[in-house]
Amino acid sequence: MKFLLNLENFYNLGTDYFSFTNQKCIFELKANDNSKITSKNILIATPNTEEKLYYSFSGKNGLCLTTEYGSVQEKNIFGKFVSLPSNNAKALLQFLQEYGYFFKLPANQETIIDFNNLIGLTYRIRATMLLMNSLENKTINYEKVLHYTLYLILGNPIEMPITGKQKYVSYKSNALNVINSAIPSNNDATITIDGEDCYSIADMIHNGNYNLRVDEYKDISTNENFMFSYPGINDPFYRQLTIAYKDCHTCSKTDRLIIEFLFHLMHENGVIKNIFFENGLEFYSSSSLNLNEKLKSVLLIVSKKILSQEINYNVSKIKAIYNPATLQPTWKSPNLLTALYFSLFYMRPNSEIYRKCANPSCNNFFLVKTSNSRKKYCCSNCRNASNQRDHRSRQKNNLTKNPISYIEI
C-alpha cells in the first residue's frame, strides 16, 4: 500500500510541502528546416516512460526538481520558467526537454503540438505573474496593470491537446461570452440632453447613469456610419461591446463591471485593435492612453478579479485527499502546468514577489520579500557586472566632461 501511495502526485501541506512525478518527453520538429526553431514549428512529443522527473514544493524553495528520494537538485523551477527569453522557441524547447511537458501525455503515442500555442501559454503564465507583481508594488504602474489585465481578458485563447479526448483550454472570462452573444434590445427609451437624443445607461463607474448618444450607438451597432466615423468604430468586438454595454444588465456584477470598464476605456481612449504580450496595446488611432481617476480605480478592481479567476481556473484540478499512510492532508496535482500556477497561488500577498534582475544582460526572475527593496540582482555575479558597467560609464562621462589636455614641451 505504501508503494502505491508513493506513485501518486501529492501535495503535503502538513509539512508545507508537496511532491509529484512528471515524465520526460522526446520532442521532434515537424518542419522542412530542422535547423531553425520558430514559433511556427509543429512539435511531435512522445513521452519517455522510463525516465521520470520528480518535483517538490515548499514555501521556502518554491517548485524544486528532486531525486527520487526527495533530495533537492534544483530550486525555483518557476523562476527559471518565467525567466525564459520572450518568443524564444529554442529556449522553451530546451526547458521542456529538461523539465518535462506541461501535461501528462498518453504512453507510446505521438502528440502533435502547435509551438505557437506553447509560447502563448508561457505568455499567459508570465502575464499572470507580472500582473501580480504590478499590483503588489507600492507605486502602481497603471499602464502595466492595464496591459497584463487586458492580455488575460482579450489575448488569443490557447488550446493544447493532451489525449485524443482531452485538451487544455485557457481561461476565458465569462464577460466575453456575454459580449459576444449580446443582441440589441427593443428598449429604445431615450432622453434629450442639450438637444441630443441619448440612452440613459445604468452605470456603476459613473455612479448611476451614463448618457450614450442614440445616433452614435446606431452607427456602431448597425455598422453604418452616418454621423460618426472614428478609427475602430467598425471593429466587430467594439460593436458587440457597445451593444452589451447598452443592453446586458442581467449578467453578474463582475461581468457587468468588466463590460463597463472595457467600454469606457475604448470609448474615451480609442478602440483597441490588437494586444500583444511583448508590445502592449495597439489602438486604431495614434492617440495616447489617458486613464482618469475613475478608470484607474475600476482597473484595480477588475485586474484583481481577472488575476484570481486565472489562477483559480488553473489550480482547480488539484484534488484534496487525506493520506492514510501519513495521516496528513495531501493534494494531488495532475501536471506540471498546475504546479507552475500553484507557485503563484501559494505566494504570500504583500510578502513575496518575483523580481526581474536589474542587470540589463540578465532575464532572470527571483523570489524576494516585497519589503526588501535593496535586493535588485539575482546573484552576486549580476551585481558585480552591473557595478562594473556603471563604473565604466562614469569614467567615460568624466573623460567627456574633463578631456585630458596635452602641453607641448
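Which residues do ring pairs link into a cluster?

1. The cluster is made up of Phe 27, Phe 81, Phe 95, Tyr 99, Tyr 101, Phe 102, Phe 103 and Tyr 168, which are linked by ring pairs. Please bear in mind throughout that the model is a predicted one. A search of the whole structure finds 20 aromatic pairs, and two further pairs are taken up in the points that follow.

2. Tyr 199 and Tyr 217 form an edge-to-face pair, with 5.5 Å from centre to centre and 85° between the planes. This pair links distant parts of the chain, since Tyr 199 belongs to strand β10 (residues 196-203) and Tyr 217 to helix α7 (residues 214-222), the two being 18 residues apart. Tyr 199 has a relative accessibility of 4% and therefore counts as buried, and Tyr 217, at 4% relative accessibility, counts as buried too.

3. The rings of Tyr 245 and Phe 263 are stacked, because their centres are 4.1 Å apart and their planes stand at 10°, where the cut-off for stacking is under 30 degrees. Tyr 245 is part of helix α8 (residues 236-247) and Phe 263 of helix α9 (residues 253-269), so the pair ties together parts that are 18 residues apart in sequence. Both Tyr 245 and Phe 263 are buried.

4. Tyr 199 has a further neighbour to consider, in that Lys 246 lies over the face of its ring, at 4.5 Å from the ring centre.

5. The axes of α7 and α8 come within 8 Å and cross at roughly 130°. The two helices, α7 and α8, are therefore oblique to each other, and their crossing is left-handed.

6. Helix α4 (residues 115-136) packs with helix α10 (residues 293-315) at an angle of about 140°, the axes being 10 Å apart. Roughly antiparallel would require an angle over 145 degrees, and α4 and α10 are therefore classed as oblique to each other; the crossing of α4 and α10 is left-handed. On the α4 side the contacts come from Arg 124, Thr 128, Leu 131, Met 132 and Leu 135, which meet Leu 300, Ser 303, Lys 304, Leu 307, Glu 310 and Ile 311 in α10.

How values were computed
Residues are numbered from 1 along each chain as its sequence is written. This is a predicted model: local features need pLDDT of at least 70, side-chain atom pairs count only at pLDDT 80 or more; totals for chains, interfaces and linings use all residues. Side-chain values use heavy atoms; hydrogens and water are left out. Rings of Phe, Tyr and Trp (its six-membered ring) pair if their centres lie within 6.5 Å; planes under 30 degrees apart count as stacked, over 60 as edge-to-face and the rest as tilted. Helices (H or I, at least four residues) and strands (E, at least two) are DSSP runs, numbered from the N terminus. Buried means under 20% relative accessible area, exposed over 50%, partly exposed in between (1.4 Å probe, protein chains only). A charge sits over a ring if NZ of Lys or CZ of Arg is within 6 Å of the ring centre and within 35 degrees of the ring normal. Axes are lines fitted to C-alpha atoms, for helices over the stretch in contact, and angles run from 0 to 180 degrees between N-to-C directions. Angles under 35 degrees count as roughly parallel, over 145 as roughly antiparallel, 65 to 115 as roughly perpendicular and the rest as oblique. A crossing is left-handed if the near helix is turned anticlockwise from the far one by less than a right angle, and right-handed if clockwise. Contact means heavy atoms within 4.5 Å.
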